[in-house]
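Subject: Model handover

Hello,

Here is the model for your files. Please look it over before reading my notes below.

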Amino acid sequence: MSTRIYNFSPGPATLPYEVLEQVASDIVDYHGVGMGVMEMSHRSKEFMAIMAKTEELLRELMEIPDRYKVLFLQGGASSQFFMVPMNLLGPGKKATYLNTGTWAKKAIHEARFFGEVTVGFSSEEQHFKRVPDPAEYQVSPGSEYLYFVSNNTIFGTQFQSFPQTDTLLVCDMSSDILSRRFDVSSFGLIFAGAQKNLGPAGVTIVIIRDDLLDRAPQNIPTMLRYKTHADKGSMFNTPPCSAIHVTGEVLKWLKKQGGVDAIEQINREKAAALYDMIDSTDYYRGHAEKGSRSAMNIAFNLPTPELEAKFIAESAARGLSGLKGHRSVGGCRASLYNAFPAIGVAELVAFMKEFEMHNPA
Ligand SMILES: *Cc1c(COP(=O)(O)O)cnc(C)c1O
């Protein structure tokens, strides 16, 4: 454990140490069956039990109503950018998208292959430093759904409350799923790549209201149809077994921490510690507007790019890794997902104070 660093990476991201230890042992010999999870049939009773338990924990922690299906898919969150419109749009059909960052923009690009897309809000001209207030966006009449990204990983903004609308809500929650409590039943479809807040890369969770399964046009490929996977319990083909197993262990860990309410409190405290540091000086400047600040990804700048480069190098040398901002924003970014320990935030804050003292602007 002594060689582990504080990993602020935006994704794939840090995992709980006790999960890694458990998984390391399960890779070699799962529960004494004489082989590891990666080597066993996805139809073995051991793996079927892993899958069932993972889904059960997700349903319990998120309070997912029975009328929603939970799917374990591959292709990353990015494949949902086209699967959503492929299944829910079609010729002559419309959807409204909120353009709050790079991931939203990519989803808009894909959706245009399948239907008519209206952008109901965009903060692109403001460098994506904010998400809309509730009254600030428009849902175009006749839209099949309203699409948004709950947490903008790259720019460090997050919806503090979700859109209230009669239109079906579709949300990319890749970087804040399970970080806070919300009501699943106000959504039609939620998806998340696992590698930020849920587990390793390789599995993407889709939570879909069951009446939407029949909306897909007839002429789409079998593998890209939600109903295919829903009907077969995500076993139409080989699922990402190992990634599902690790995700299940992360969910067990989360339940042990006290579940979503407990982790939400911890997440708030971690983020507050860093934002308080940023707000206490003009040396550091947060990228996001205050009302749009993310508790998961905190993007900030120093007085000059030279100081930023020095900050990143010196912090890495101190075991504070992954603080370089995304190339589209520059500067620094600290990602504080569920599994990131509070003590790592305290270390970062201490380093920031020291760095400012030794490197005046
Ligand atoms: C990382 C990320 C994605 C892309 O995920 P992939 O699994 O790499 O395709 C999409 N949306 C959001 C919000 C993300 O943070």
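First, a term: a residue is called buried under 20% relative accessible area, exposed over 50%, and partly exposed in between, using a 1.4 Å probe and protein chains only. Ser140 is buried, because its relative accessible area is 14%.

Now the ground rules. This is a predicted model, where local features need pLDDT of at least 70 and side-chain atom pairs count only at pLDDT 80 or more, while totals for chains, interfaces and linings use all residues. Residues are numbered from 1 along each chain as its sequence is written, and side-chain values use heavy atoms, leaving out hydrogens and water.

Overall picture
The protein chain has 9 helices and 14 strands. These are DSSP runs numbered from the N terminus: helices are H or I with at least four residues, strands are E with at least two. The C-alpha atoms fill a box of roughly 65 × 60 × 30 Å along the principal axes. The radius of gyration is 21 Å, which agrees with the value near 21 Å for a compact globule of 361 residues. That radius is taken over C-alpha atoms, and the globule rule is 2.2 Å times the number of residues to the power 0.38. Of the 361 residues, 56% are buried.

Contacts here mean heavy atoms within 4.5 Å. Among contacts between residues at least 6 apart in sequence, 65% join residues at least 24 apart.

Helix α2
Buried residues in α2 include Phe47, Ile50, Met51 and Arg59. Their cover includes β2 (68-73), β10 (204-209), α6 (241-257) and α7 (259-279). Just after α2, Glu63 takes a positive phi of about 50°.

Two loop residues
Back to Ser140. This residue lies in the loop between β4 (116-122) and β5 (143-149). Ser140 touches Lys94, Thr96 and Thr118, not counting residues up to four places away in sequence.

Ala216 sits in the loop between β10 and α5 (226-231). Ala216 is buried, with a relative accessible area of 7%. Leaving aside neighbours within four places in sequence, Ala216 contacts Asn87 and Arg225. Ala216 and Tyr226 are 10 residues apart in sequence and 8.3 Å apart in space, C-alpha to C-alpha.

Best wishes
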